Amino acid sequence: MRVAMIGTGYVGLVSGACFADFGHHVVCVDKDADKIAALSRGELPIFEPGLPALVQSNVREGRLAFATELAGPVSQADAVFIAVGTPSRRGDGHADLSYVYAAAREIAATLDGFTVVITKSTVPVGTGDEVERIIREARPQADVAVVSNPEFLREGAAIRDFKHPDRIVVGTEDERAREVMAELYRPLYLNAAPILYTDRRTAELIKYAANAYLATKITFINEIAELCERVGADVQEVARGIGLDNRIGTKFLHAGPGFGGSCLPKDALALIKIGHDHEASLRIVETIVAVNDQRKRAMGRKVAAALGGNLRGCTIAVLGLAFKPNTDDMRESPSLSILPLLTEAGATIRAFDPEGMGEAKKLLPDLDYCGDAYQAIEGADALVLLTEWNEFRALDLTRVRSLLRAPVVIDLRNIYQPEEMTAAGFVYHSIGRAAVAPPAEISPSLRAIA
Ligand SMILES: NC(=O)c1ccc[n+]([C@@H]2O[C@H](COP(=O)([O-])OP(=O)(O)OC[C@H]3O[C@@H](n4cnc5c(N)ncnc54)[C@H](O)[C@@H]3O)[C@@H](O)[C@H]2O)c1
């Protein structure tokens with residue numbers, strides 16, 4: 001099949017490369033000429049494990065190409081995906097659909113022959129209706145079906161998620177469109193990935209409901225972590241104890257500094273707005289948004305408390321800036337809420353992230369950026385672990401201990417075990433577990449901050 005992918009960001013580039021890898025002919029289109037120029041030179045504008053090789057091989061095989069203009073690719077396509085951004089609209093939290101509608105207008109102008117237009121962007125219920133209205137108004141005679149096909153991939157594991165999805169959701173009641181969608185995804189249901197066919201509005205809502213549910217799980221365990229700290233329980237074991245119940249499941253029960261990223265925060269806000277628009281109150285979702293915002297601020301206070309309350313003159317090493325490991329995406333990262341609180345309180349921050357620093361430098365210009373983890377740690381009064389990159393899971397603790405001015409570690413991802421940290425001589429603070437200090441050599445001042 002011939003595919004035009006409109007929008008070549010995290011979702012468009014991964015989906016385009018994977019469809020090409022399935023054997024389809026894909027042109028990824030983006031308005032951002034720098035992005036397309038970089039891709040045409042063989043350089044990837046984003047960090048995603050495995051993506052460079054996948055893009056390279058499919059370009060080499062002649063199944064994947066890049067363009068800034070959509071006219072040619074759309075007129076030749078059997079399927080046109082809209083994978084542009086749908087950020088929060090400034091001021092009110094509604095999904096900003098201007099990019100989706102602009103793409104729909106441009107697509108309408110160049111459609112040729114029966115074409116399935118598929119919204120892969122996360123969009124509010126009814127957006128497919130409006131995309132269809134825009135296209136039919138511009139081209140009343142166009143032979144087109146508009147389908148919703150939300151994307152569930154996770155950055156950092158995007159290729160695996162695309163090729164081995166838990167499910168594929170297809171919202172359409174058009175028989176010809178179903179056939180095109182079945183053909184596009186055929187390699188996946190040969191792998192037994194379930195395809196859920198439903199109507200377009202239901203498909204649109206499935207995506208928001210899924211993200212809101214995941215955000216709820218995270219927020220729930222974060223509140224339980226808070227309680228664990230007060231009552232002397234261990235949140236890791238509580239999570240395991242409840243997660244082993246098949247009705248609950250173990251995923252998304254890792255307590256941390258609050259959810260971030262390009263999807264969960266904006267999608268929760270947009271779902272609340274959809275509820276308001278249709279007079280259906282979504283109080284659970286409203287609450288998780290408020291609790292999550294408070295959580296990120298509380299993490300700033302937790303770091304300050306671990307350093308005795310006064311950060312003026314303190315140097316803090318921070319490992320991890322991106323919202324999660326294996327991505328360079330900084331959108332709504334907890335670091336963006338937590339670190340300004342620390343610098344405003346007078347701390348100097350020495351930071352390192354394996355992939356996120358390019359973007360972080362634009363958003364957090366006041367940090368001292370370091371070349372590696374140990375450089376960031378050298379001479380700091382405390383180490384904060386903010387994103388659980390694998391390379392931070394296996395730090396040389398003896399070296400860390402010798403480089404830090406004070407042996408204080410605040411682990412906001414529970415990467416380490418309290419016993420190993422006390423054995424290595426640290427005062428160790430984590431999430432949902434009691435702070436611990438090495439009993440033998442603890443000094444009175446360290447005991448006070450532990
Ligand atoms: N990032 C994720 O992990 C993820 C996962 C699932 C769903 N989604 C959803 O997918 C959509 C895209 O997300 P993303 O993270 O890939 O966004 P992104 O910001 O990384 O990429 C969007 C791209 O679209 C381009 N664009 C905008 N208007 C265009 C137009 N008219 N023609 C051509 N290109 C245009 C932009 O230049 C940009 O490169 C969003 O709705 C998001 O909610 C994202």
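Trainee: Are H10 and H11 parallel or oblique to each other?
Mentor: This is a predicted model, where local features need pLDDT of at least 70, side-chain atom pairs count only at pLDDT 80 or more, and totals for chains, interfaces and linings use all residues. Residues are numbered from 1 along each chain as its sequence is written, and side-chain values use heavy atoms, without hydrogens and water. Angles under 35 degrees count as roughly parallel, over 145 as roughly antiparallel, 65 to 115 as roughly perpendicular and the rest as oblique. H10 (residues 200–231) and H11 (residues 235–243) pack at about 135°, so the two helices are oblique.

Trainee: Which residues of H11 make the contact with H10?
Mentor: Contact means heavy atoms within 4.5 Å. H10 brings Phe220, Ile221, Ile224, Ala225 and Cys228. H11 answers with Val235, Val238, Ala239 and Ile242.

Trainee: How many residues has the largest nonpolar core?
Mentor: Such a core is a set of buried Ala, Val, Leu, Ile, Met, Phe, Trp, Tyr and Cys residues joined through side-chain atoms within 4.5 Å. Leu319, Leu339 and Leu383 have the most contacts inside it. Leaving aside neighbours within four places in sequence, Leu383 touches Leu319 and Val400, among others. The core's residue count is 60.

Trainee: Is Asp366 buried or exposed?
Mentor: Asp366 sits in the loop between helix H15 (357–363) and strand S11 (368–369). Buried means under 20% relative accessible area, exposed over 50%, partly exposed in between (1.4 Å probe, protein chains only). The value for Asp366 is 61%, so this residue is exposed.

Definitions and conventions:
Axes fitted to C-alpha atoms, helices over the stretch in contact; angles between N-to-C directions. Helix = DSSP H or I, 4+ residues; strand = E, 2+ residues; numbered from the N terminus.
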